[in-house]
Amino acid sequence: GVIVAIICFTRVAVGTSFPDLMTTIIAVAKKEMEIGVGNILGSNVFHILFVLGVLGVINPLDSPDGLMFSIYVMIGMMIFLFPLMKSHLDLQRIEGGFLLVSYFLYVALLLLALTGL
């Protein structure tokens, strides 16, 4: 009885992102920030363009509910992070906290939108 889109946006995303998350955490622990940021961006680009592209070639895909909302959130977060990466500023705890809270807010809003509450 679970909406398929909820499984797609949460469980599959966590499962595919967990190895990248661990690699990034190890890189940051070793003070290799560039590797951490590159891993996150490279992973996102790979998953969105390559995996989605291959699946679209094999079988045409329907756009799941909540996809446009997710795309807008992703673009907004990249716009927020771009000045930090471009000017070589450090990501402070307050900004990291903002990103973490933003993620949980995004997941909550997505679940609310998909369940129709």
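## Asparagine 39 and threonine 24

Asparagine 39 touches Asp20, Thr23 and Thr24, leaving aside residues up to four places away in sequence. In this predicted model, asparagine 39 is found in helix α2, which covers residues 33-58. The side chain of asparagine 39 reaches the backbone oxygen of aspartate 20 at 2.9 Å. Asparagine 39 is also one of the buried residues of α2.

Threonine 24 is found in helix α1, the helix of residues 4-29. The side chain of threonine 24 likewise reaches the backbone oxygen of aspartate 20, at 2.9 Å. Threonine 24 counts as buried because its relative accessibility is 9%, under the limit of 20%. With residues up to four places away in sequence again left aside, threonine 24 touches Gly36, Asn39 and Ile40.

## The chain as a whole

The protein chain contains four helices and zero strands. Read from the N terminus, its elements run α-α-α-α. The protein chain has 117 residues, of which 15% count as buried.

Among the contacts in the protein chain with a separation of 6 or more, 62% are between residues 24 or more positions apart. The accessible surface of the protein chain comes to about 9000 Å². Carbon and sulfur atoms account for 75% of that surface.

## The loop between α1 and α2

Lysine 31 lies in the loop between α1 and α2. The phi of lysine 31 is near 65 degrees, a positive value in a residue other than glycine. Most residues other than glycine have a negative phi. Lysine 31 counts as exposed because its relative accessible area is 66%, over the limit of 50%.

## Helix α2

Helix α2 has 26 residues. From its first C-alpha to its last, α2 reaches 37 Å, close to the 38 Å expected at 1.5 Å a residue. A kink of about 30 degrees is present in α2, centred on histidine 47. The buried residues in α2 are Gly36, Asn39 and Ser43. Of these, Gly36 and Asn39 are also touched by threonine 24.

## Helix α4 and serine 102

Helix α4 covers residues 93-115. The 23 residues of α4 should span 33 Å at 1.5 Å a residue, and the end C-alpha atoms are 33 Å apart, so the two values agree. Buried in α4 are Glu95, Leu99, Ser102, Tyr106, Val107, Leu110 and Leu114.

Serine 102 is placed in α4. Serine 102 counts as buried because its relative accessibility is 17%. A polar atom of the side chain of serine 102 lies 2.7 Å from the backbone oxygen of phenylalanine 98. Serine 102 and methionine 77 are 25 residues apart in sequence, and their C-alpha atoms are 8.9 Å apart in space.

## Aromatic pairs

A pair of aromatic rings is described by the distance of the centres and the angle of the planes. With ring centres required to lie within 6.5 Å, the count comes to three aromatic pairs. One of them is formed by phenylalanine 80 and phenylalanine 98, with 5.0 Å centre to centre and 50 degrees between the planes. Phenylalanine 80 counts as partly exposed because its relative accessibility is 31%. Phenylalanine 98 is partly exposed too, at 40% relative accessibility.

Tyrosine 103 and phenylalanine 104 form another aromatic pair, which is edge-to-face. Their rings are 5.5 Å apart, centre to centre, with 65 degrees between the planes. Tyrosine 103 is partly exposed, because its relative accessible area is 40%. Phenylalanine 104, in contrast, is exposed, with a relative accessible area of 52%.

Key. Residues numbered from 1 in each chain as written. Predicted model: local features only at pLDDT ≥ 70, side-chain atom pairs only at ≥ 80, totals over all residues. Heavy atoms only, no water. Helix = DSSP H or I, 4+ residues; strand = E, 2+ residues; numbered from the N terminus. Buried < 20%, exposed > 50% of the residue type's maximum accessible area, 1.4 Å probe, protein only. Polar contact = N/O pair within 3.5 Å; in protein donor to acceptor, adjacent residues only side chain to side chain. Phe/Tyr/Trp six-rings, centres within 6.5 Å; stacked < 30°, edge-to-face > 60°. Expected span 1.5 Å × (residues − 1). Bend = angle between axes of the 7 residues up to and from the residue. Contact = heavy atoms within 4.5 Å. Areas by Shrake-Rupley, 256 points an atom, 1.4 Å probe, with all protein chains shown as cover.
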